[in-house]
Amino acid sequence: MNPSSLIPVAQTIPVSWVWFDVLLVLGFWAHILMMNAVFGGGVISLLNSGGKTEPLARGMSKKIPTMLALTINFGVAPLLFLQVNYGQFDYAGTVLMGGWWLAVIPFLLIAYYGFYIWDFRYKSLGMSRNIFLALSLGCMLFIGFMFVNNMTLMLVPGEWAAYLKNGGETMLNFGDPTLLPRYLHFMTGALAIGGVAVAIVGKRAGKEPQVTTGLKWFARATVINIGFGFWFLVALPERVMLAFMGGDALATGSLLAALFGAGLIIHAAGRRNLRLSILWAALTVLAMALARHAVRKLMLEPYYSVTDLEVTGQASPLVMFLVALVLGMCVIAWMIRLYLKSGKEA
Amino acid sequence: MEFPVWQLTTLGGGFWIALISVVHVYVAQFAVGGGLFLVVIERMARKSGSKEFMDYAKRNSKFFLLLTMVFGAVTGVAIWFTIALLAPDAALTLIHQFVFGWATEWVFFLAEIVSLLVYYYGWERLSARDHQIVGGLYFFFGWMSLFMINGIIGYMLTPGEWLETGNFWDGFFNPTFWPQLVFRTALSVTFAGLFGFVTGTLIKEEKSRGTVVRTCAAWTVAGMALVALTGMWYIHSLPPEQYQLAMEESARVEWFMNSFWWVGIAVLVGGLLLGIRMPRSLGFPVALVVLLLGLGLTGSFESIREAARKPYIIWGERYSNSILPEQMPEINEKGFLKAAKWIPADLRDVTAENELEAGRWLFQYQCASCHSIGGPMNDILPHTDKYTEAGFDAFLSGMGKISRYMPPFAGTPDERAALSAYIVRDLHGLEPGELAIAEPGEADVPEYDPEEAEFVLFAWADKGLRFVSESGIIRLRPSGETLNASLIYRGMLPEIVSEGMSMEYELEQGYPEASGTMTPGDYGGFKAEGIKVEPYSDEGYSPYPVATVTAKDETGEVVAQTKAVLPVGMRMGCNNCHGGGWQNNEEEAGMSADTAMDILMVHDRINDTALTEKAKSGEVVDCAACHADPDIGEEGRDDMLNLSAAMHGFHSVYLKDRGQDACNFCHETPMYRGIHADMGLECVACHGDMTTHAGSLLLAEREAGIEAADKLLAVLEPDEEFVQPRKPWHQEPDCLSCHEEFAAPYNVDAANQWTEEKAQLYSQRYGDVGAVRCAACHGSPHAVYPAMYDRDNMQPLQYQDNRRPIGAGNCSVCHTMEMDYPAHHPGMGLE
């Protein structure tokens, strides 16, 4: 059967698709940086939860719950904008996943409360606290896997007909050769960026060994991740893979930028240069976010282009959002400054 | 239609959205009110100078953080996940129409998170003033996120002008925006109090505990007062059509509304109780109970709102099962299984083999959004366990037309039948059965000697097709048949004789005894009315008991005797849809008490009556008390439809466009057994189909100014150029419409050519000479000679040794000689 016959009709969008693609990528960038800090930082903490390096875990425990709150918040924005431009694909995949997708919620709640227990009961629980840390990290592994399923299932309308053949039961995207390498690539990337987070926290606490630990993770995980990235690349359909190898500007450009960034990362981390590490980390992840976006567009190319969407032209709500964003950011910035300043005074 | 469906059974029907959204809204609205509460408590704590109070304020903010930021936020995301799973089309409409509303709300969420974290972690770091400002900012952003979501939720209930303009602001600032905003704010204030009780009652130090708990009580009481006031405003902001459905028609809304008020009162009382000085040990458990009640308050309100939106998920725009109203004509013509995208190839056409599986997919797409299977949400099983497969198909065809709560079924008749098959045969495991047709028994033709006999006696029932229903609960069609007799003194000029004669009737052996005397009627014949007879004999169910009619002279000598069938059927098909089996299960006849109670229950629900209560108290519900029944001389109420108009009018919603099948559903149509039946003319040939049969009655009632007729006519939509108004029982098909000039008909065209009055009915009419009733020679209506069974032909067999109408080509039966002129009416077999 023709996969296109299963693709739901797209609804109208208020303003140009460019807005949503840009906000989607930027939002995802913020989200994934935060997620990496939580997961990667959490794993590194778990492996430094006792003995001499335990202060690393202690320091991270005070930050991770807050970072998770921001992870979730920064996840909302890109998911929203994704659903504007690509909602018909995302929701088809979501429904196919059924209860698996909804299961993310209880796992997230467990992870979230688990991190707080690890933090708030750090001393009173003793080493048992690590059970909660491990539990939370396990939950995040599940959540990540479900997100990868959702984000890849939406890209393969050719696989959707399996639903019709299995009597309408829920399904995951196991048939997709990119599922596993993508998952490994993301979670390993998290370990790398988690290292940066650990290093930052260590620097602010004046704990140099922690900075070293963090940057070591940063460098090594990045090296391994290049391998997973390569696996991911060759697992893509040939048409898409070739796009990344010169066929498409955005795809090839972002991949090259990311590889270059990886090189800079390994160099800066090797030099224990935290500031550059942070810079290259952020930029490399941005490049990767763009590459990821390119994968999406290329995979959907046979079926769909965002330029096909009908624009209604209602711009005033956008203005409302931008005004709220600017004002909101100002207040947020003021509150954060207030907090940081008061710390110095106190 | 566009998306696949997440197939759920037990936990279907919206279970996940109900659970998650009620829990989230409770916590989220607490978060809004609680944000203000935090700052108020902090101020009070600082003023009091009490360390315990300050400690409480800090602990409370930790509790607040862990509850609202973790659970509150994640369950909010959970709602989003759930609506994508359960209603992807509608969710995407919300996304696409209001993306910048959502995005703005997101800014507020971010500000909430930052302010709450700064507030929580900054107790010691920030100055008192700065700390309270941050707290105030948290409350501000919390309320602003309520402001945003309020617009979008309100749009779903009352989209207002958005339906025409598609404009964001029309949709956002919709008819219920402001009332809902203040209503939810009032709830937020109340919930702040309720949650505050939980932590407040745990304070060890008595003075602070007292202060905090009393503050919570004040918030709860003031909040509930505002809830009551703003709730009234909210309800009255509903557009008239929705107000009517919510407040007057929907039993479901009524239930939740009652729950809301009762729970609300309980919350109020609980709050007041806690305001009294209570020992710590008692306060906390009571606080937990009150907290649970608050959850009940949220649940009942959100359920009211959801119910008031039916049958839509976005009112006027999309049905709860995600079908667009504007697509209905295409779907009904093409078929749902062809129109929807995600249907297996082998289910696109319904066949005998795939019928149940096709029905299952139809259920999942059209019903499962609101109906679970064996689960807590609107379980479809109890809703449908009373139907037969045919009955449920009939119900589906009229669904949503009278009770607008339901969306209409979308699809072809085959698909509808498949859905019914799935529910009745698959889910309920009910195999279709068939009633054996009760055929009239043997005919024992009385003796007669045409040479010797001085008299000839004719007898016939007023009705050849007679239904009785006296269940002891409903008096729908009381027993009481009318038997007629005509005694004719034979001769060249026959005479109808009644003076000096007595006429008796006796029902045959095996039937409950019924015998009696017949009294002289106004035409020279005899009549016995109100004969009560049941169709149960030694041989089982037989609706054709035979009465022997005997004429005696003054001396008591028998001058003539004949037999006639006095039909009484008790197999009305009410139980096809109303369930309940039979009154007499062995004989499969009679309306059972369960069937009757179901009928009353439906009547109560649709017409807001209290008949089930009346029945339960032991009183028999007499339909004719309200609904005029001219056949039994009951006048009913003059602002209500007559019984026939009400019965046929209401049921036409579910039985129209089915031709003869509609009659077969309810009436014991095998009892139609005369020559016309034998020739293959069905009920509809003379009476018209349901649209005509019910439409004619309703049109007459509309002319009589009965309002209820309009509502039903709006559904039935009879062609008023074709369908002619009529009064029941007295304006019926006229034989002469087809038998022009009493001749054999050229074509069958009787519908909508009604008799003008009772006297013109076949059963009441006389021949041209004015002496003999038509039915005396031609037989009871619906069993006209030559009837299909000899039990109905006994008089022609007795007097003529054939089955033809009396006197057909054989005037000597009464005249003792042949006549050369058809005086009684043209034809008579003489031409």
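Predicted model: local features only at pLDDT ≥ 70, side-chain atom pairs only at ≥ 80, totals over all residues.
Residues are numbered from 1 along each chain as its sequence is written, and chains are lettered from A in the order in which they are written. Local features need pLDDT of at least 70, side-chain atom pairs count only at pLDDT 80 or more, and totals for chains, interfaces and linings use all residues, while side-chain values use heavy atoms, without hydrogens and water.

Across the interface, 72 residues of chain A are in contact (heavy atoms within 4.5 Å) with 70 residues of chain B. The buried area, that is, the accessible area (1.4 Å probe) that two parts lose on being put together, summed over both, is about 6400 Å² for chain A and chain B, and carbon and sulfur atoms give 77% of this. On the side of chain A, the most area is lost to chain B by Gln11(A), Tyr91(A) and Tyr339(A), together 11% of what that side buries.

By class, the side of chain A that touches chain B has 51 nonpolar, 19 polar and two charged residues; Ala, Val, Leu, Ile, Met, Phe, Trp, Tyr, Cys and Pro count as nonpolar, Asp, Glu, Lys and Arg as charged, and the others, Gly among them, as polar.

Thr188(A) lies in helix H7 (residues 179–204) of chain A, helices being DSSP runs (H or I, at least four residues) numbered from the N terminus. Thr188(A) is buried, with a relative accessible area of 9%, where buried means under 20% (1.4 Å probe, protein chains only). Apart from neighbours within four places in sequence, Thr188(A) is in contact with Ala221(A), Ile224(A), Asn225(A) and Phe228(A).

Methods
Helix = DSSP H or I, 4+ residues; strand = E, 2+ residues; numbered from the N terminus. Buried < 20%, exposed > 50% of the residue type's maximum accessible area, 1.4 Å probe, protein only.
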